[in-house]
Amino acid sequence: EQLTLRILNRRDKERRMEDTNLPYTNNQNQQIISSSGMNEPSYICNRPADLGAPAQHATSCPGSTTDSNKLILLDGTDTYGRTGNNLMEFLHALQYSRDNDIQLGVKYGSWAMRLLPRMWLSVTGDQSQWEEQFEKALCIKIIHKTVELREYDVIPIDTKSLLLYKSNQSLGEYASFQQQAIRTLFQNYNTGEGTTLAGYGTRNMCEGIDALFGKDSASAIYSVIHIRQLEKVGYAILAAVSKHTGCDPRAAIEMRPDYIRTILKPLGMLNHPIVVISDNQNIEAIQRLLDDPEIGPRIVLVPEEAAWSGGDMTLGVMSNVFIGNPASSFSGFVAKSRLALGKGHTYLFRARDNEGQWSTVCGDSCVFYKEVNHF
(Lines give C-alpha, C1' and ligand atoms only; values in the text may rest on other atoms or scores of the structure.)
Protein backbone atom coordinates (compact mmCIF):
# COMPACT_ATOMS: atom_id res chain seq x y z
CA GLU A 1 0.00 0.00 0.00
CA GLN A 2 1.33 3.40 -0.99
CA LEU A 3 0.38 6.52 0.89
CA THR A 4 0.00 9.79 -1.02
CA LEU A 5 0.89 12.81 1.09
CA ARG A 6 -1.77 15.49 0.97
CA ILE A 7 -0.87 19.16 0.61
CA LEU A 8 -0.17 20.66 4.02
CA ASN A 9 -1.27 24.01 5.35
CA ARG A 10 1.13 26.71 4.18
CA ARG A 11 2.10 27.49 7.76
CA ASP A 12 3.27 23.93 8.32
CA LYS A 13 5.65 24.22 5.37
CA GLU A 14 7.38 27.30 6.67
CA ARG A 15 10.65 26.65 8.45
CA ARG A 16 13.04 28.93 10.24
CA MET A 17 15.97 30.03 8.10
CA GLU A 18 18.41 28.03 10.22
CA ASP A 19 16.70 24.82 9.16
CA THR A 20 17.64 25.24 5.51
CA ASN A 21 21.32 25.56 6.42
CA LEU A 22 21.45 22.65 8.84
CA PRO A 23 23.07 19.44 7.58
CA TYR A 24 20.65 16.50 7.32
CA THR A 25 17.57 18.57 8.20
CA ASN A 26 14.44 17.23 6.55
CA ASN A 27 11.49 19.28 5.33
CA GLN A 28 8.22 18.58 7.11
CA ASN A 29 6.45 18.15 3.77
CA GLN A 30 8.56 15.31 2.41
CA GLN A 31 6.93 11.99 1.54
CA ILE A 32 5.84 9.92 4.50
CA ILE A 33 6.89 6.74 2.77
CA SER A 34 10.62 6.58 2.21
CA SER A 35 11.73 6.33 -1.39
CA SER A 36 12.77 2.93 -2.62
CA GLY A 37 15.40 4.54 -4.83
CA MET A 38 17.96 5.15 -2.08
CA ASN A 39 21.60 4.56 -2.89
CA GLU A 40 22.91 1.61 -0.89
CA PRO A 41 19.88 1.57 1.42
CA SER A 42 20.41 0.89 5.10
CA TYR A 43 17.82 -0.32 7.57
CA ILE A 44 16.88 -0.34 11.24
CA CYS A 45 14.41 -3.07 12.17
CA ASN A 46 13.96 -3.67 8.42
CA ARG A 47 12.79 -0.08 7.94
CA PRO A 48 14.78 2.39 5.78
CA ALA A 49 17.11 4.75 7.61
CA ASP A 50 19.99 7.02 6.63
CA LEU A 51 22.96 5.49 8.42
CA GLY A 52 25.55 6.31 5.79
CA ALA A 53 25.69 10.11 5.56
CA PRO A 54 29.29 11.36 5.67
CA ALA A 55 30.57 12.89 8.90
CA GLN A 56 30.83 16.67 8.95
CA HIS A 57 33.48 16.83 11.67
CA ALA A 58 37.12 15.90 12.14
CA THR A 59 37.75 12.16 11.90
CA SER A 60 40.53 12.16 14.53
CA CYS A 61 39.48 11.69 18.13
CA PRO A 62 39.73 14.60 20.57
CA GLY A 63 43.14 14.90 22.20
CA SER A 64 44.84 12.59 19.71
CA THR A 65 46.78 15.34 17.96
CA THR A 66 48.02 17.17 21.07
CA ASP A 67 50.59 16.43 23.77
CA SER A 68 48.09 17.14 26.53
CA ASN A 69 47.56 14.52 29.22
CA LYS A 70 44.13 15.88 30.16
CA LEU A 71 41.30 13.39 30.42
CA ILE A 72 37.60 14.13 30.89
CA LEU A 73 36.31 11.33 33.11
CA LEU A 74 32.82 9.89 33.36
CA ASP A 75 32.67 7.96 36.63
CA GLY A 76 30.21 6.79 39.24
CA THR A 77 26.71 5.41 38.90
CA ASP A 78 24.63 8.43 39.91
CA THR A 79 22.73 10.08 37.07
CA TYR A 80 20.55 13.14 36.69
CA GLY A 81 17.13 12.08 35.50
CA ARG A 82 15.89 9.15 33.48
CA THR A 83 16.92 7.50 30.21
CA GLY A 84 16.35 10.54 27.98
CA ASN A 85 18.45 12.75 30.25
CA ASN A 86 21.17 10.14 30.50
CA LEU A 87 21.44 9.82 26.72
CA MET A 88 21.70 13.60 26.40
CA GLU A 89 24.35 13.61 29.13
CA PHE A 90 26.47 11.14 27.20
CA LEU A 91 26.06 12.99 23.90
CA HIS A 92 27.04 16.21 25.67
CA ALA A 93 30.10 14.46 27.10
CA LEU A 94 31.17 13.62 23.55
CA GLN A 95 30.50 17.24 22.57
CA TYR A 96 32.44 18.65 25.53
CA SER A 97 35.36 16.42 24.62
CA ARG A 98 35.32 17.59 21.01
CA ASP A 99 34.78 21.26 21.83
CA ASN A 100 37.84 21.29 24.08
CA ASP A 101 39.95 18.76 22.15
CA ILE A 102 40.39 16.64 25.27
CA GLN A 103 40.21 12.87 25.37
CA LEU A 104 37.08 11.40 26.95
CA GLY A 105 37.54 8.60 29.45
CA VAL A 106 34.79 6.35 30.80
CA LYS A 107 35.25 4.29 33.93
CA TYR A 108 34.35 0.65 33.43
CA GLY A 109 31.06 -0.01 35.22
CA SER A 110 30.13 3.66 35.36
CA TRP A 111 26.68 5.00 34.46
CA ALA A 112 27.62 5.54 30.81
CA MET A 113 28.86 1.99 30.32
CA ARG A 114 25.80 0.61 32.03
CA LEU A 115 23.50 2.70 29.86
CA LEU A 116 24.81 2.22 26.34
CA PRO A 117 25.20 -1.60 26.01
CA ARG A 118 21.57 -2.01 27.05
CA MET A 119 20.57 -0.52 23.69
CA TRP A 120 23.68 -0.30 21.50
CA LEU A 121 27.07 -1.97 21.26
CA SER A 122 26.20 -4.98 23.42
CA VAL A 123 29.09 -7.08 24.70
CA THR A 124 29.77 -9.83 22.18
CA GLY A 125 32.65 -12.24 21.59
CA ASP A 126 36.06 -11.57 23.04
CA GLN A 127 35.97 -8.90 25.76
CA SER A 128 39.13 -7.14 24.63
CA GLN A 129 37.93 -7.00 21.02
CA TRP A 130 34.59 -5.61 22.16
CA GLU A 131 36.31 -2.92 24.24
CA GLU A 132 38.47 -1.95 21.26
CA GLN A 133 35.36 -1.67 19.06
CA PHE A 134 33.54 0.34 21.76
CA GLU A 135 36.43 2.79 22.14
CA LYS A 136 36.93 3.19 18.39
CA ALA A 137 33.24 3.73 17.63
CA LEU A 138 32.77 6.44 20.24
CA CYS A 139 36.26 7.97 20.46
CA ILE A 140 36.60 7.21 24.15
CA LYS A 141 39.06 5.44 26.45
CA ILE A 142 37.83 2.80 28.89
CA ILE A 143 39.44 3.08 32.32
CA HIS A 144 39.41 -0.12 34.36
CA LYS A 145 41.37 0.80 37.47
CA THR A 146 42.00 4.02 39.33
CA VAL A 147 45.74 3.46 39.02
CA GLU A 148 45.45 4.04 35.27
CA LEU A 149 44.49 7.65 35.97
CA ARG A 150 47.89 8.55 37.44
CA GLU A 151 49.26 9.46 34.04
CA TYR A 152 46.41 11.90 33.35
CA ASP A 153 45.32 15.32 34.46
CA VAL A 154 41.77 14.20 35.21
CA ILE A 155 38.80 16.50 34.68
CA PRO A 156 35.76 14.97 36.44
CA ILE A 157 32.33 16.10 35.35
CA ASP A 158 28.95 15.21 36.86
CA THR A 159 25.83 14.30 34.92
CA LYS A 160 23.84 17.42 35.81
CA SER A 161 26.62 19.62 34.42
CA LEU A 162 26.66 17.51 31.27
CA LEU A 163 22.90 17.80 30.81
CA LEU A 164 23.09 21.59 31.07
CA TYR A 165 26.23 21.92 28.94
CA LYS A 166 25.90 24.35 26.04
CA SER A 167 28.44 23.98 23.27
CA ASN A 168 30.32 27.00 21.95
CA GLN A 169 30.00 25.65 18.41
CA SER A 170 27.66 27.11 15.82
CA LEU A 171 24.22 25.55 15.54
CA GLY A 172 25.21 23.79 12.32
CA GLU A 173 28.44 22.35 13.74
CA TYR A 174 26.79 21.28 16.99
CA ALA A 175 23.82 19.64 15.27
CA SER A 176 26.03 17.91 12.71
CA PHE A 177 28.26 16.33 15.35
CA GLN A 178 25.35 15.28 17.54
CA GLN A 179 23.60 13.65 14.60
CA GLN A 180 26.76 11.80 13.58
CA ALA A 181 27.10 10.46 17.15
CA ILE A 182 23.49 9.28 17.07
CA ARG A 183 24.02 7.57 13.73
CA THR A 184 27.03 5.79 15.22
CA LEU A 185 24.83 4.42 18.00
CA PHE A 186 22.15 3.20 15.61
CA GLN A 187 24.73 1.59 13.35
CA ASN A 188 25.27 -0.69 16.34
CA TYR A 189 21.74 -1.13 17.70
CA ASN A 190 21.09 -4.26 19.74
CA THR A 191 19.12 -7.13 18.22
CA GLY A 192 18.90 -9.31 21.30
CA GLU A 193 22.35 -10.80 20.95
CA GLY A 194 25.17 -10.12 23.37
CA THR A 195 25.08 -9.01 26.99
CA THR A 196 25.36 -6.00 29.26
CA LEU A 197 28.54 -5.40 31.26
CA ALA A 198 27.02 -7.41 34.10
CA GLY A 199 26.49 -10.39 31.79
CA TYR A 200 22.73 -10.12 31.45
CA GLY A 201 21.21 -10.69 28.03
CA THR A 202 20.23 -7.59 26.10
CA ARG A 203 16.81 -6.91 24.62
CA ASN A 204 16.02 -6.33 20.98
CA MET A 205 15.59 -2.64 20.08
CA CYS A 206 13.03 -3.79 17.48
CA GLU A 207 10.93 -5.54 20.12
CA GLY A 208 8.13 -2.96 20.17
CA ILE A 209 7.85 -2.77 16.38
CA ASP A 210 7.87 -6.56 16.06
CA ALA A 211 5.31 -7.03 18.85
CA LEU A 212 2.83 -4.65 17.21
CA PHE A 213 3.32 -5.38 13.53
CA GLY A 214 4.98 -8.81 13.32
CA LYS A 215 5.71 -9.90 9.76
CA ASP A 216 4.47 -6.51 8.51
CA SER A 217 6.96 -4.53 10.60
CA ALA A 218 9.00 -3.50 7.57
CA SER A 219 6.05 -2.01 5.68
CA ALA A 220 3.76 -0.90 8.51
CA ILE A 221 2.53 2.69 8.28
CA TYR A 222 2.00 4.14 11.74
CA SER A 223 2.27 7.22 13.95
CA VAL A 224 3.66 7.44 17.47
CA ILE A 225 2.49 9.79 20.21
CA HIS A 226 4.80 10.17 23.20
CA ILE A 227 2.81 11.19 26.26
CA ARG A 228 5.00 12.42 29.11
CA GLN A 229 3.77 14.53 32.00
CA LEU A 230 7.14 14.95 33.79
CA GLU A 231 5.71 14.73 37.29
CA LYS A 232 5.03 18.20 38.77
CA VAL A 233 7.53 20.16 36.68
CA GLY A 234 6.25 19.38 33.19
CA TYR A 235 4.22 22.52 32.64
CA ALA A 236 7.01 24.72 34.03
CA ILE A 237 9.56 23.20 31.65
CA LEU A 238 7.21 23.42 28.69
CA ALA A 239 6.45 27.07 29.53
CA ALA A 240 10.19 27.81 29.42
CA VAL A 241 10.47 26.10 26.03
CA SER A 242 7.44 28.05 24.85
CA LYS A 243 9.13 31.38 25.57
CA HIS A 244 11.92 30.58 23.12
CA THR A 245 10.01 28.71 20.43
CA GLY A 246 6.47 30.04 20.54
CA CYS A 247 4.98 26.58 21.04
CA ASP A 248 1.83 26.14 23.09
CA PRO A 249 2.67 25.86 26.83
CA ARG A 250 0.21 23.01 27.48
CA ALA A 251 -0.75 21.13 24.32
CA ALA A 252 2.22 18.75 24.07
CA ILE A 253 1.62 17.50 27.61
CA GLU A 254 -2.16 17.19 27.35
CA MET A 255 -2.19 15.69 23.82
CA ARG A 256 -5.89 16.38 23.36
CA PRO A 257 -7.70 14.73 20.41
CA ASP A 258 -8.17 17.98 18.46
CA TYR A 259 -4.43 18.68 18.71
CA ILE A 260 -3.56 15.21 17.40
CA ARG A 261 -6.20 15.40 14.68
CA THR A 262 -4.79 18.64 13.21
CA ILE A 263 -1.48 16.83 12.65
CA LEU A 264 -2.59 13.42 11.45
CA LYS A 265 -5.70 14.17 9.44
CA PRO A 266 -4.01 16.33 6.74
CA LEU A 267 -1.47 13.52 6.29
CA GLY A 268 -4.10 10.82 5.92
CA MET A 269 -2.63 9.11 8.99
CA LEU A 270 -5.96 8.71 10.81
CA ASN A 271 -6.41 5.65 8.60
CA HIS A 272 -3.39 3.92 10.15
CA PRO A 273 -2.36 2.70 13.63
CA ILE A 274 -1.53 5.35 16.23
CA VAL A 275 0.89 3.96 18.80
CA VAL A 276 0.98 5.58 22.24
CA ILE A 277 4.16 5.30 24.28
CA SER A 278 4.22 6.77 27.77
CA ASP A 279 5.39 6.45 31.35
CA ASN A 280 1.74 5.87 32.39
CA GLN A 281 1.69 9.03 34.52
CA ASN A 282 -0.89 10.76 32.34
CA ILE A 283 -3.64 8.18 32.08
CA GLU A 284 -6.22 10.93 31.49
CA ALA A 285 -4.54 11.96 28.23
CA ILE A 286 -4.47 8.37 26.99
CA GLN A 287 -8.12 7.83 27.95
CA ARG A 288 -9.20 10.99 26.10
CA LEU A 289 -7.61 9.63 22.93
CA LEU A 290 -9.21 6.22 23.42
CA ASP A 291 -12.61 7.83 23.92
CA ASP A 292 -12.40 9.92 20.76
CA PRO A 293 -14.62 8.33 18.07
CA GLU A 294 -12.18 9.08 15.26
CA ILE A 295 -8.82 8.55 16.96
CA GLY A 296 -9.76 5.91 19.54
CA PRO A 297 -10.24 2.99 17.12
CA ARG A 298 -6.73 3.58 15.76
CA ILE A 299 -4.95 3.72 19.13
CA VAL A 300 -2.52 0.88 19.79
CA LEU A 301 -0.73 0.34 23.09
CA VAL A 302 2.54 -1.57 23.36
CA PRO A 303 2.06 -4.93 25.12
CA GLU A 304 3.47 -4.85 28.64
CA GLU A 305 5.96 -7.62 27.89
CA ALA A 306 7.40 -5.63 24.96
CA ALA A 307 7.36 -2.20 26.61
CA TRP A 308 10.79 -0.89 27.59
CA SER A 309 12.76 2.28 26.94
CA GLY A 310 14.80 0.93 24.01
CA GLY A 311 11.84 -0.64 22.24
CA ASP A 312 9.63 2.41 22.79
CA MET A 313 12.41 4.67 21.54
CA THR A 314 12.85 2.70 18.34
CA LEU A 315 9.10 2.70 17.74
CA GLY A 316 9.22 6.50 17.83
CA VAL A 317 12.41 6.87 15.83
CA MET A 318 11.26 4.61 13.00
CA SER A 319 7.62 5.75 12.82
CA ASN A 320 6.18 7.55 9.80
CA VAL A 321 4.99 10.39 12.05
CA PHE A 322 6.16 11.26 15.55
CA ILE A 323 4.32 13.60 17.92
CA GLY A 324 6.28 14.41 21.05
CA ASN A 325 6.65 16.71 24.03
CA PRO A 326 9.52 19.23 23.71
CA ALA A 327 9.76 19.38 27.52
CA SER A 328 10.76 15.69 27.56
CA SER A 329 14.38 14.70 26.96
CA PHE A 330 13.11 11.32 25.70
CA SER A 331 11.01 13.05 23.02
CA GLY A 332 14.00 15.27 22.31
CA PHE A 333 16.29 12.29 21.75
CA VAL A 334 13.74 10.63 19.47
CA ALA A 335 13.38 13.86 17.48
CA LYS A 336 17.15 14.28 17.13
CA SER A 337 17.51 10.65 16.10
CA ARG A 338 14.81 11.01 13.45
CA LEU A 339 16.59 14.04 12.05
CA ALA A 340 19.89 12.16 12.05
CA LEU A 341 18.38 9.13 10.31
CA GLY A 342 16.55 11.04 7.59
CA LYS A 343 13.03 10.93 9.02
CA GLY A 344 10.60 13.78 8.46
CA HIS A 345 7.22 14.52 10.03
CA THR A 346 8.38 15.13 13.59
CA TYR A 347 6.01 17.39 15.53
CA LEU A 348 7.08 18.94 18.83
CA PHE A 349 6.68 22.70 18.50
CA ARG A 350 3.07 23.61 17.69
CA ALA A 351 0.81 26.57 18.51
CA ARG A 352 -2.43 28.21 17.42
CA ASP A 353 -2.24 31.28 15.21
CA ASN A 354 -4.49 34.34 15.47
CA GLU A 355 -7.17 32.47 13.56
CA GLY A 356 -7.08 29.53 15.94
CA GLN A 357 -5.35 27.17 13.49
CA TRP A 358 -2.58 24.87 14.74
CA SER A 359 0.76 25.05 12.95
CA THR A 360 4.43 24.28 13.47
CA VAL A 361 6.12 27.37 14.90
CA CYS A 362 9.70 26.14 15.17
CA GLY A 363 11.43 23.83 12.71
CA ASP A 364 13.16 20.50 13.12
CA SER A 365 16.43 22.10 14.19
CA CYS A 366 14.77 23.63 17.26
CA VAL A 367 15.67 20.48 19.17
CA PHE A 368 19.28 21.65 18.88
CA TYR A 369 18.76 25.31 19.79
CA LYS A 370 20.91 26.34 22.74
CA GLU A 371 18.08 28.40 24.20
CA VAL A 372 15.78 25.40 24.51
CA ASN A 373 18.33 22.59 24.63
CA HIS A 374 17.93 21.98 28.35
CA PHE A 375 18.17 18.30 27.40
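Residues are numbered from 1 along each chain as its sequence is written. Because the model is predicted, local features need pLDDT of at least 70 and side-chain atom pairs count only at pLDDT 80 or more, whereas totals for chains, interfaces and linings use all residues, and side-chain values use heavy atoms, with hydrogens and water left out.

**Overall fold and cores**

The chain has 14 helices and 13 strands, where helices (H or I, at least four residues) and strands (E, at least two) are DSSP runs numbered from the N terminus. Of its 375 residues, 53% count as buried, a term that means under 20% relative accessible area, with exposed meaning over 50% and partly exposed lying in between (1.4 Å probe, protein chains only). Among contacts (heavy atoms within 4.5 Å) between residues at least 6 apart in sequence, 77% join residues at least 24 apart.

A nonpolar core is a set of buried Ala, Val, Leu, Ile, Met, Phe, Trp, Tyr and Cys residues joined through side-chain atoms within 4.5 Å. The largest one holds 81 residues, of which Leu74, Trp120, Phe186 and Met313 touch the most other members. Once residues up to four places away in sequence are set aside, Met313 touches Leu87, Met119, Trp120, Phe186, Met205, Phe330, Phe333 and Val334.

The table sets out two helices, with the expected span taken as 1.5 Å times one less than the number of residues.

| Helix | Residues in helix | Span between end C-alpha atoms | Expected span | Buried residues |
|---|---|---|---|---|
| H3 | 18 residues | 26 Å | 26 Å | 16 residues |

H3 is largely enclosed by the rest of the structure, because 16 of its 18 residues are buried.

**The largest pocket**

About 770 Å³ of space lies in the largest pocket. Its lining comprises 34 residues, of which Arg82, His226, Arg228, Ser278 and Asp279 lie nearest its centre. The elements that give two or more residues to this lining are helix H3 (83–100), strand S8 (274–278), helix H12 (283–291), helix H13 (309–317) and H14. A pocket is, on a 1 Å grid over the protein atoms alone, an open set of points where a 1.4 Å probe fits, with protein on both sides within 12 Å along at least five of seven lines, and lining residues have an atom within 4 Å of a point. Grid points are joined across faces, edges and corners, and the volume is the space filled by probe spheres set on the points.

**Individual residues**

Asp101, in the loop between H3 and strand S4 (103–107), has a phi near 50°, a positive value in a residue other than glycine, and is partly exposed, with a relative accessible area of 32%. Leu121 likewise has a positive phi, of about 55°, although it is not a glycine; Leu121 lies in the loop between helix H4 (111–115) and helix H5 (127–138) and is buried, with a relative accessible area of 5%.

Arg352, found in strand S12 (residues 350–352), is in contact with Gln357 and Trp358 when neighbours within four places in sequence are left aside.
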